[in-house]
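Here's a quick tour for anyone meeting this structure for the first time.

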Amino acid sequence: MTIGLTHYLVLSAVLFCIGLYGALTRKNAVIILMCIEIMLNAVNISLVAFSSYVVPQYLTGQVFAIFVMVVAAAEVAVGLAIIFAIFRHFKDIDVNKIDLLKW
Amino acid sequence: MGLAAAFWIMAVVMVGAALAVLFLRNVFHAALGLILCFIAVAGIYLTLSADFLAAVQVLVYVGAISVLIILAIMMTRDVQKGNPVNRLEIPAAVVAVALLVILVYVVTSTPWNISGAAPLAPSTAPLAARLFSQDGYILPVEIGAVLLLAAILGAIVITREK
């Protein structure tokens with residue numbers, strides 16, 4: 001059976017849902033950041049698959065995937081900096097214990 | 001045939017590595033699973049004939065982001081207590097599975113407008129032409145550069161000792 005656009009989109013959906021489940025349930029802030037990276041990668045796969053199957057001559061999806069990578073790099077740098085700051089202040093990175101803003 | 005085999009191998013490795021990120025007890029082992037997942041995503045890009053993106057994926061994700069994440073795990077080693085879960089485990093699983101079912105239904109029932117043309121094989125030069133040409137994406141590229149600079153400065157300011 002030949003591989004088509006649907007295979008890539010289903011694979012991307014599976015990866016996205018794994019990342020979503022992890023980001024919602026884990027307590028460790030670093031693991032949550034890793035799950036967000038998995039979700040961004042899943043979106044990138046679907047963008048590149050659309051680019052290569054729907055508009056193969058224009059590369060629009062690949063350009064978009066590059067910008068997603070740029071934003072992901074910025075996000076992980078700032079996110080880890082925030083985790084460091086939280087660790088220095090609370091001596092913990094369990095997100096259930098960081099609830100100063102909880103009403 | 002070879003393409004299909006490559007796709008299935010990469011897909012199985014990728015999903016297995018992503019599940020390892022979730023279910024391994026040791027956080028460092030989870031980070032290694034994340035690196036394997038990134039490498040498999042680069043392989044998926046290669047099967048989609050996106051060679052430049054595969055190289056960028058290896059350089060940025062496998063090279064840089066995983067090093068940052070492992071650095072964070074090392075710095076916070078004193079308080080790492082494995083990979084615990086919170087109370088939302090069952091509702092989150094229900095939400096994730098429901099979203100997966102909806103996405104798969106939408107993807108399989110939509111008549112996608114597949115183009116028969118072959119994708120551009122070495123994609124680096126056409127990608128550069130798209131990114132940097134006058135009527136291309138030169139303004140977003142500049143904004144991305146400013147965003148990266150702002151993110152680096154912000155990270156330095158946030159982590160700086162008082």
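Let's start where the chains meet: 72 residues of chain B are in contact with 63 residues of chain A, where contact means that the C-beta atoms, placed from the backbone, lie within 7 Å. This is a predicted model, in which local features need pLDDT of at least 70 and side-chain atom pairs count only at pLDDT 80 or more, while totals for chains, interfaces and linings use all residues. Residues are numbered from 1 along each chain as its sequence is written, with chains lettered from A and ligands numbered from 1 in the order in which they are written.

**Chain B overall**
- Chain B has six helices and zero strands; helices (H or I, at least four residues) and strands (E, at least two) are DSSP runs, numbered from the N terminus.
- Its C-alpha trace spans about 55 × 40 × 30 Å along the principal axes.
- H2(B) has 21 residues and reaches 31 Å from first C-alpha to last, close to the expected 30 Å, which is 1.5 Å times one less than the number of residues.
- After H2(B) comes Ser49(B), with a positive phi near 55°.

**Domains of chain B**
- The domain assignment, automatic or from a database, gives domain 1 (1–109) and domain 2 (121–162) of chain B.
- The centres of these two domains, taken over C-alpha atoms, are 24 Å apart.
- Domain 1 of chain B brings four residues to their contact and domain 2 of chain B brings five.

**A helix pair in chain A**
- H2(A) (29–53) and H3(A) (60–90) pack at about 175°, with axes 9 Å apart. The axes are lines fitted to C-alpha atoms over the stretch in contact, and angles run from 0 to 180 degrees between N-to-C directions.
- That makes H2(A) roughly antiparallel to H3(A), a label for angles over 145 degrees.
- Residues in this contact include Leu33(A) and Leu40(A) of H2(A), and Phe64(A) and Val68(A) of H3(A).
- By class, the contact of H2(A) with H3(A) has 15 nonpolar, six polar and one charged residues.

Note on methods
Two residues are in contact if their C-beta atoms, placed from the backbone, lie within 7 Å. Angles under 35 degrees count as roughly parallel, over 145 as roughly antiparallel, 65 to 115 as roughly perpendicular and the rest as oblique. Ala, Val, Leu, Ile, Met, Phe, Trp, Tyr, Cys and Pro count as nonpolar, Asp, Glu, Lys and Arg as charged, and the others, Gly among them, as polar.
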